[in-house]
Every structure is written in structure tokens, then in C-alpha cells.
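Hi,

Here is the structure I promised to pass on. Have a look at it first, and then read on for what turned up.

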Amino acid sequence: MRLFLAIELPEPWLREATRALDALTAALGEDAEVLRPVALDRMHLTVRFLGEVDEERLPALDGALRASVPPVGVDLELATPGTFGSAARTSVVWLGLGGDLDTLRALAARVESAVEAAGLPAERRELRPHVTLARVRQRASAAQRRAIASAVATLEPPAPHPYRAVEVVLVRSHLGAGQPRYEVLRRY
């Protein structure tokens, strides 16, 4: 099963995400067709992507997460939007995060310890806190990607809407046609 650990987003953040996507779409005009916006009910803050995990590992993972993750109490806020990739290779549009990122990283380290204790592979990449707004379709040209990066750079920063995250969720991603369907398996 395909799994990840995440923090669910509060309603004000989803409204800001909608505003940012609407402004980006308007700024891009016809080029907006190369964006694949993330549906609001699928937006989240990924703490740790696990990928494919054998179902028999779930009890060990659950036990390790229950022992390592709580308590959760992270004060976060929205920050400036941005993109991943150079301008000509822009691949993802996101909203940045601010607030107590040191506590968020400490939480991610506890999650990582639990994942490794459950016998799953270690994550080598550093946490880059963000909320994905849209992905750029593979068929997008370098010029379209540059236009997206340029438009994102001109977006108004969202209102910060401070939020205290108090739980991490273990989510199963069901892939298929269109966007994946998410199923929350556990809450910590």
C-alpha cells in the first residue's frame, strides 16, 4: 500500500490556496492549461512520504509512530508562494510555510525515527515544508514553465493564518485514473 504521513490543513489555509490558484490561473491565461491543480480535499503538509509499504509492516509502523510521535504541537503559518525547479524546469507550485519550523523539523525527525524503527528505509532528503498547489504537466514547454515561475513570483503572499497543528495522520493513497484518493488510516 502507498503511504505518507501528513498534517491536515485548516480551512483558512484552503481558502488562501484557492485564492492563490485563482490569481495564478488569471495571470497565466491560456498557459494555465499546463497546470494540474491539487484538489482542496487532497492538500496537506507532507511530513514523510513512505511510498509502497507491505501491509504486514503496518502494525510495527503504527506501534513505532504511537511511541515516537506524540505530543504534536507545532505553530505554523502560511508564507510566500514559490516553485520547485529552475524557471525553465518549473515542476511544482507551492505555498511556503513559516512559524516554528524548528519544532516541525523535530517532529519530522521523530517520525523518521519511528519509520526506521519499523524497518522501513531511511529518508535522505531534508524536509522542505510547503503545501503543493499544482503540478506542471510534462508536456509544458520551457517557455510555459518560465511563465509559471514568473507569475508565481508576482503573487501576493497569503495571509499567514497562524495554526497550531496537533496531530499527524497516516494516509493511504489509492492511485487510479485522475487524482489519487486519500484514506486516513491512523491519527497520532
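This is a predicted model: local features need pLDDT of at least 70, side-chain atom pairs count only at pLDDT 80 or more; totals for chains, interfaces and linings use all residues.

One term before anything else: a polar contact is a pair of N or O atoms within 3.5 Å; within protein, one must be able to donate a hydrogen and the other to accept it, and residues adjacent in sequence count only if both atoms are side-chain atoms.

Residues are numbered from 1 along each chain as its sequence is written, and side-chain values use heavy atoms, with hydrogens and water left out.

Overall fold

You'll find four helices and nine strands in the chain (DSSP runs numbered from the N terminus: helices are H or I with at least four residues, strands are E with at least two). Their order along the sequence is β-α-β-β-α-β-β-α-β-α-β-β-β. The chain is as compact as a globular protein of its length, because its radius of gyration is 17 Å, close to the 16 Å that the globule rule gives for 188 residues (taken over C-alpha atoms; the rule is 2.2 Å times the number of residues to the power 0.38). The C-alpha trace spans about 50 × 35 × 25 Å along its principal axes.

Of the 188 residues, 45% count as buried (under 20% relative accessible area; exposed is over 50%, partly exposed in between, with a 1.4 Å probe and protein chains only). As for contacts (heavy atoms within 4.5 Å), take those between residues at least 6 apart in sequence: 78% of them join residues at least 24 apart.

R48

R48 sits in strand β3, residues 44–52, and counts as buried at 7% relative accessibility. What does its side chain pair with? There is a polar contact of 2.5 Å to the side chain of E112, and the backbone oxygen of P121 lies 2.7 Å from a polar atom of the R48 side chain. Not counting residues up to four places away in sequence, R48 touches F4, L5, V111, E112, V115, P121, A122 and E123.

Q144

Q144 belongs to helix α4, residues 142–153. With a relative accessible area of 15%, Q144 is buried as well. Its side chain makes a 3.3 Å polar contact with that of D31, and a polar atom of the Q144 side chain lies 2.9 Å from the backbone nitrogen of S141. Beyond four places in sequence, Q144 touches D31, E33, V34 and R139.

Most residues other than glycine have a negative phi, and most peptide bonds are trans. Two spots here are worth a look with that in mind. P70 and P71 are joined by a cis peptide bond, with omega about 0°; P71 lies in the loop between α2 (58–68) and β4 (74–84). H161, which is not a glycine, has a positive phi near 40°. You'll see H161 in the loop between α4 and β7 (163–165), partly exposed at 27% relative accessible area.

P160 is in that loop between α4 and β7 too, and is partly exposed at 38%. Leaving aside neighbours within four places in sequence, P160 is in contact with W13, E77 and L78.

Over to you!
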